[in-house]
Amino acid sequence: MLFQLILTVLSASLAWLYSDVAAYSALLGGLTCALPNAYFVWRAFRYSGARSTVQVVQSFYQGESWKFVLTALSFAVIFQRVEPLNVLALFAGFITVQLGHVASAKIANL
């Protein structure tokens, strides 16, 4: 989670070299990925142990479902409420943080 927040700030900082609008658009894109993922992590890993396998599986499904809903709602609110918006920077920030999953797996040697 910390790595995703670092990537969010890094992508916003790089976009700031272009413009202020690109910076906050990239920041919003990164947060659109990182915050729903934080909810998923909180939801999915509430239970552990062999006796609570049903709760573990349900938590994963519910967490992933809500992550998808929160991501879609975030994009909807951003497109409806944020003006001006740099769409390219928004998606660049989102994709950068999304690809952070791959990078963190490589770092952890998974």
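Modeller: A crossing counts as right-handed if the near helix is turned clockwise from the far one by less than a right angle, and as left-handed if anticlockwise. Helix 1 and helix 4 cross in the right-handed sense; helices here are DSSP runs (H or I, at least four residues; strands are E, at least two), numbered from the N terminus. Please keep in mind that this is a predicted model, where local features need pLDDT of at least 70 and side-chain atom pairs pLDDT 80 or more, while totals for chains, interfaces and linings use all residues. Numbering starts from 1 along each chain, and side-chain values use heavy atoms, without hydrogens or water.

Now to our pair. Helix 1 spans residues 2-16 and helix 4 spans residues 87-107; their axes lie 9 Å apart, at an angle of about 140°. That makes the two helices oblique to each other (under 35 degrees is roughly parallel, over 145 roughly antiparallel, 65 to 115 roughly perpendicular, the rest oblique). The axes are lines fitted to C-alpha atoms over the stretch in contact, with angles from 0 to 180 degrees between N-to-C directions.

From helix 1, the contact (heavy atoms within 4.5 Å) is made by Phe-3, Gln-4, Leu-7, Thr-8 and Ser-11. Helix 4 answers with Gly-93, Thr-96, Val-97, Gly-100, His-101, Ala-103, Ser-104 and Ile-107. By class, that is 5 nonpolar, 8 polar and no charged residues.

Two of these names, Leu-7 and Val-97, return in the largest nonpolar core, whose 9 residues also include Cys-33, Ala-34, Phe-75, Ile-78, Leu-85, Leu-90 and Phe-94. Such a core is a set of buried Ala, Val, Leu, Ile, Met, Phe, Trp, Tyr and Cys residues joined through side-chain atoms within 4.5 Å. Helix 2 (20-44), helix 3 (53-81) and helix 4 each give this core at least two residues, and helix 4 has the largest share, with 3.

Leaving aside residues up to four places away in sequence, Ala-34 touches Gln-4, Thr-8 and Val-97, among others. With a relative accessible area of 1%, Ala-34 is buried (under 20%; exposed is over 50%, partly exposed in between, with a 1.4 Å probe and protein chains only).

Stepping back, the protein has 4 helices and 0 strands, and 31% of its 110 residues count as buried.

Methods
Nonpolar A, V, L, I, M, F, W, Y, C, P; charged D, E, K, R; others polar.
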